[in-house]
Amino acid sequence: MRSAVLNGYLEVAKSVGLNPYPLMRVSGLDPATFSATAGWIEAKCVVELFELSALQSGCDDFGVRMLGNRGVSNLGPVGLIAREEPDVRSAMGIVLRHMSLHNEAILLDLTESGGLATIQVRPATDMALGRQSTELVVASIFRILSDFLPDGWLPVATCFAHGAPANGEVHARVFGPSIYYDHEIDGIIIATGDLDAPNRLSNPVLRPFAQEYLGLLAPRENSSTAGQVRDLIATLLPTEHCSVTRIAHSLRMDRRTLHRRLAQSGETYSSILDSVRKEHATASIARGDRSFTEISSELGFSELSAFSRWFRQQFGVSPKAWSVDQGEPVPERQQY
């Protein structure tokens, strides 16, 4: 992760009576890191530093205390690009899709259902997030959304999978009253309408330059129309807004033009959609951390039965049979 993640650490550590430099060395971090704000540091060392700092200080809200002035600006290049998107949905799409340019240790998932949108924080593969790192990431997402939305905005809920802190005063001051502990996820739940709100930071004049900058930072491996459609489907699929019409609009063309360009490369919207779904479905089932109902929703199916029919058409067997054939355990909640 970029060393900007340590912004505010020295001040918070000293405010709770810690000498931060020995703790940094024990955690495997060079104190000189603070003078290189654009550099990269080992995520596991940062996680250990935050947990050790909380333990030594007796402040189990250490991660939330580090929020400080963090927000979209703390994301560096990703934040610079996201702030020029016209609405909150597209701004958060930039954050979610390109988070690896800022932090490779976390994954952010956006799902929508029943008028609510959930932004879930998960560790990347082979990575473990401690309580403090998790709370800091969730708090940062909260602040980023607050940057985009009107003053006084609050989420429907802020959720943590771990238990409540000994003193919840700092959490309540940062997140507001709707905090839930021992929850199924770590993340933020907001009204879907918040995603469609205008981004108050956006400057339409600067957006083309931001998009150009994004191309320099993260050039697409597939710059073809088919590659761009694949990227957009992967981003929008867990939401209720993945459609050929919306994707054509995002690419600044009408549906007929989009279909014609895809045909030129031997693809159709449906063939790309099925390809993305197949990749996501097999990976999710193999991981075993999602129920079939959850996977079905993430793939844009309104009902589990529709997902099951589609899966059988693609693979010739049911999701459960495929899972067993791959040697993957099927959690009890996935039986049907």
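Modeller: A nonpolar core is a set of buried Ala, Val, Leu, Ile, Met, Phe, Trp, Tyr and Cys residues joined through side-chain atoms within 4.5 Å. The model examined here is a predicted one. Its largest nonpolar core has 39 residues, and those touching the most other members are Val88, Met92, Leu108, Leu145, Phe148 and Phe175. Two or more residues each come from helices H5 (77-82), H6 (88-97), H7 (131-148) and H8 (169-175), and from strands E1 (106-113), E2 (116-123) and E5 (187-191). Helix H7 gives the largest share of this core, with eight residues.

Apart from neighbours within four places in sequence, Phe175 is in contact with Val64, Val138, Ala139, Phe142, Leu154, Pro155, Thr158 and Phe160. A second, separate core holds 28 residues, among them Val5, Leu49, Met127 and Leu136.

Helix H7 also packs against helix H3 (residues 43-57), at an angle of about 105° and with the axes 7 Å apart; H3 and H7 are therefore roughly perpendicular to each other. In this contact, H3 supplies Val47, Phe50, Glu51 and Ala54, while H7 supplies Arg131, Gln132, Ser133 and Leu136. Of these residues, four are nonpolar, two polar and two charged.

Finally, the aromatic rings. The structure holds 14 aromatic pairs. In one of them, the ring centres of Phe142 and Trp153 lie 5.8 Å apart with the planes at 40°, so this pair is tilted. Because Phe142 belongs to helix H7 and Trp153 to the loop between H7 and strand E3 (157-159), the pair ties together parts eleven residues apart in sequence. Phe142 and Trp153 are both buried.

Key: Residues are numbered from 1 along each chain as its sequence is written. This is a predicted model: local features need pLDDT of at least 70, side-chain atom pairs count only at pLDDT 80 or more; totals for chains, interfaces and linings use all residues. Side-chain values use heavy atoms; hydrogens and water are left out. Buried means under 20% relative accessible area, exposed over 50%, partly exposed in between (1.4 Å probe, protein chains only). Helices (H or I, at least four residues) and strands (E, at least two) are DSSP runs, numbered from the N terminus. Contact means heavy atoms within 4.5 Å. Axes are lines fitted to C-alpha atoms, for helices over the stretch in contact, and angles run from 0 to 180 degrees between N-to-C directions. Angles under 35 degrees count as roughly parallel, over 145 as roughly antiparallel, 65 to 115 as roughly perpendicular and the rest as oblique. Ala, Val, Leu, Ile, Met, Phe, Trp, Tyr, Cys and Pro count as nonpolar, Asp, Glu, Lys and Arg as charged, and the others, Gly among them, as polar. Rings of Phe, Tyr and Trp (its six-membered ring) pair if their centres lie within 6.5 Å; planes under 30 degrees apart count as stacked, over 60 as edge-to-face and the rest as tilted.
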